Each structure stands twice: as C-alpha cells, then as structure tokens.
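Colleague: I am new to this structure and would like to learn how to read it. Could we go through a few features together?

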Amino acid sequence: MGVLIAIEGLDGAGKRTLIGNLVGTLEQRGLRVDTLAFPRYGRSVHADLAAEALRGEHGDLAESVNGMAALFALDRAGAADELAKLLAGNDVVLLDRYVASNAAYNAARLCQSADGEIVRWVGELEFGRFELPVPRVQVLLDVPTEVAALRARRRGELDESRALDAYERDGGLQERTAEVYRDLARRDWYGTWWVFRSTEEDGSGRLAGEMNSLAARLAALVAN
C-alpha cells in the first residue's frame with residue numbers, strides 16, 4: 001500500500017510545480033509515484049457543477065457554504081476507487097489538494113477558525129461518512145497571499161481555462177484561507193503537517209533547494 005501525501009495551499013502557491021518536481025525526484029530514487037488533482041474538473045459532475053457555480057451559474061448555489069463543500073466532497077468520494085487503485089499500485093501518491101482545502105476555504109467563507117463548526121463537519125463528512133483515506137502527511141505551501149494571487153492571475157491570462165473564479169478573485173477570502181491553513185497545520189488536523197514558507201524572492205529557489213530534503217523525508221516514510 002502506497003503512502004498518501006496531500007499538497008495544500010492557495011491557488012498560485014506552487015502546488016503543481018512542487019508535485020511535478022517531486023515526481024521526478026522520487027522516481028530517480030526508484031519509487032513508483034502517481035498523482036491525482038482535486039477538484040477533478042472535466043471528469044466529475046460534482047466538480048464541474050461547483051466550478052460553474054463559482055462562475056455565476058446555477059442560481060444561488062455558490063452562496064451556500066455547505067452546498068459547495070458537499071459538491072467538492074462528493075467529487076472526492078467519487079474518486080475513492082481510483083484513489084484506492086493508485087495507492088495499491090504505487091509507493092507514493094501525491095494529491096494536488098484534498099480534504100483540508102475544503103475545510104480551509106469554507107471556514108474562511110464563514111470567518112471561522114480551524115476549530116469552527118464547518119471544519120469539523122467537513123472532516124466528519126469526508127473522512128468519516130465517505131471513509132476517504134487520511135494522508136500520511138499534508139504539506140502546506142505557505143506563500144504570501146499577494147504572491148499567490150499574482151501567480152494565479154498570470155496563469156489565468158495565459159490559459160483561459162484557468163481564469164480566476166469567485167474564490168480566487170476575493171482577496172479577503174484568500175487571506176482568511178491562508179490563516180485557516182496555518183491553523184490546521186499547527187493543530188496537525190487529521191495527521192502530520194509539514195509547512196514550507198517562501199516569499200516571491202526566495203520562493204522557487206528555496207523550494208528547489210529543499211526538494212531533495214523533502215523527497216528524502218517522503219522516501220523514509222515509504223521505507224517505514
């Protein structure tokens with residue numbers, strides 16, 4: 001059974017870049033690695049409904065915090081068999097977002113902290129009722145919100161399919177989400193968290209410099 005690792009952070013934090021680099025580094029160490037990104041846009045009706053709602057469709061659906069949280073949770077529940085197969089066939093499975101993303105963003109929408117009702121509800125729904133596997137480690141890429149927002153905006157300008165949605169355009173929401181993420185990490189919410197902090201000036205270089213260290217720590221998890 002493979003080790004499940006969730007990579008978390010704001011849009012534009014560098015999750016996709018980190019995962020791509022980790023895959024190569026871990027494979028060079030002889031490990032079998034695969035990835036899965038959430039939400040599964042284009043593959044899951046629940047994810048697509050959520051995306052459409054965030055772009056103004058489906059009436060007042062986007063205004064419902066629990067409704068949106070349920071859609072994202074159902075997307076992951078629908079991937080349970082796929083995730084089980086990935087874990088069975090690999091040493092490491094890297095996730096681009098997971099349950100903590102649902103907890104952080106929706107707590108931020110309600111101006112709640114990590115000990116608030118919505119975080120408890122999301123955890124019980126996804127890890128409890130849906131019985132999704134708990135990650136061995138959750139890695140938080142903690143970058144300044146203005147840096148993440150700039151990267152996300154540039155990404156949207158280059159790729160129309162990744163244009164900013166309602167959550168990404170809300171700077172205050174991004175600030176609150178970042179703080180909830182930090183609080184979740186401090187509490188080791190549903191397991192161990194590793195936090196990597198960077199600024200725009202040191203971001204890419206620092207993460208690259210720590211890549212071998214992070215890969216070694218992940219390889220050690222597999223060995224144990």
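Colleague: Leaving aside neighbours within four places in sequence, which residues is Leu132 in contact with?

Modeller: Contact means heavy atoms within 4.5 Å. By that rule Leu132 touches Arg76, Ala77, Ala80, Tyr98, Val99, Glu126 and Phe127, leaving aside neighbours within four places in sequence. Ala77 lies 55 residues away from Leu132 in sequence, yet their C-alpha atoms are 7.0 Å apart. This is a predicted model, where local features need pLDDT of at least 70, side-chain atom pairs count only at pLDDT 80 or more, and totals for chains, interfaces and linings use all residues. Residues are numbered from 1 along each chain as its sequence is written, and side-chain values use heavy atoms, with hydrogens and water left out.

Colleague: Is Leu132 buried or exposed?

Modeller: Buried means under 20% relative accessible area, exposed over 50%, and partly exposed in between (1.4 Å probe, protein chains only). Leu132 counts as buried because its relative accessibility is 4%. You will find Leu132 in the loop between helix H6 (117-129) and strand S4 (137-142). Helices (H or I, at least four residues) and strands (E, at least two) are DSSP runs, numbered from the N terminus.

Colleague: Which residues of helix H2 are buried?

Modeller: An α-helix has 3.6 residues a turn, so residues three or four places apart point the same way. In H2 (residues 45-54), the buried ones are Ala47, Ala50, Ala51, Ala53 and Leu54. They are on the same side of H2 because they cover an arc of only 160° around the axis, taken from the directions from the helix axis to the C-beta atoms. Just after H2, Gly56 has a positive phi of about 95°.
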